Amino acid sequence: MARVFWNHQDFLLVDFHTRGATVNVTSYCATLDRLRNTFRKKRPELLPKGVLVLHDNGRPNTTSVTRDLKQIFLWNILEHPFCSPDFAPSDFHYFGPLKKHLANRRFRTYAEIQEAVVKWFRDLNPDFLYAGFDRLIGLPMTQMLQQPC
């Protein structure tokens with residue numbers, strides 16, 4: 001299992017979980033801490049402005065421990081609708097093309113799979129990232145960036 005974090009400009013982090021491991025509050029908070037460190041390295045200018053994170057409503061994502069950590073980080077959360085049977089829109093944007101990219105390839109180890117996945121995300125065309133946000137919010141990102149604040 002992997003959690004993928006991205007914005008309209010670049011891929012930020014793919015966090016792979018150990019095969020068979022359960023995602024719990026502790027592992028999810030560790031992932032959020034890695035994401036914060038990634039922001040510090042890749043996009044430090046966003047941290048003082050505030051970060052808006054969209055994530056699903058799985059139990060580890062919604063506990064008080066997780067909410068408290070996001071408040072400490074000063075992050076705003078765009079919640080996925082509670083008990084929604086729908087996948088997050090970004091799941092459809094990324095994982096279909098990734099599945100096609102990996103089809104018919106053979107890997108000897110999980111490390112090789114992880115390397116191929118990370119490489120695919122890093123090699124994405126920026127237009128693909130913009131298109132993902134366009135589908136998510138319903139307004140082309142290029143139009144949003146041209147609008148005055």
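This dialogue reads a few features of a predicted model.

Reader: What should I know about the model before I start?

Author: It is predicted, so local features need pLDDT of at least 70, side-chain atom pairs count only at pLDDT 80 or more, and totals for chains, interfaces and linings use all residues. Residues are numbered from 1 along each chain as its sequence is written, and side-chain values use heavy atoms, with hydrogens and water left out.

Reader: How many residues does helix α1 have, and what should they span?

Author: Helices are DSSP runs of H or I, at least four residues, and strands are runs of E, at least two, numbered from the N terminus. The expected span is 1.5 Å times one less than the number of residues. Helix α1 (residues 25–42) has 18 residues and should span 26 Å. Its end C-alpha atoms are 25 Å apart, which agrees.

Reader: Which residue caps the N-terminal end of α1?

Author: N24 does. One of its side-chain oxygens lies 3.1 Å from the backbone nitrogen of T26.

Reader: Which residues of α6 are buried?

Author: Buried means under 20% relative accessible area, exposed over 50%, partly exposed in between (1.4 Å probe, protein chains only). In α6, the buried residues are A116, V117, V118, W120 and F121.

Reader: Is R135 buried or exposed?

Author: R135 sits in helix α7 (residues 126–137). Its relative accessible area is 54%, so R135 is exposed.

Reader: How far apart are the C-alpha atoms of R135 and H93?

Author: They are separated by 8.2 Å. Along the chain, the two residues are 42 residues apart.

Reader: Where is L78, and how does it count?

Author: L78 is in strand β4 (residues 75–79). At 43% relative accessibility, it counts as partly exposed.

Conventions:
Polar contact = N/O pair within 3.5 Å; in protein donor to acceptor, adjacent residues only side chain to side chain.
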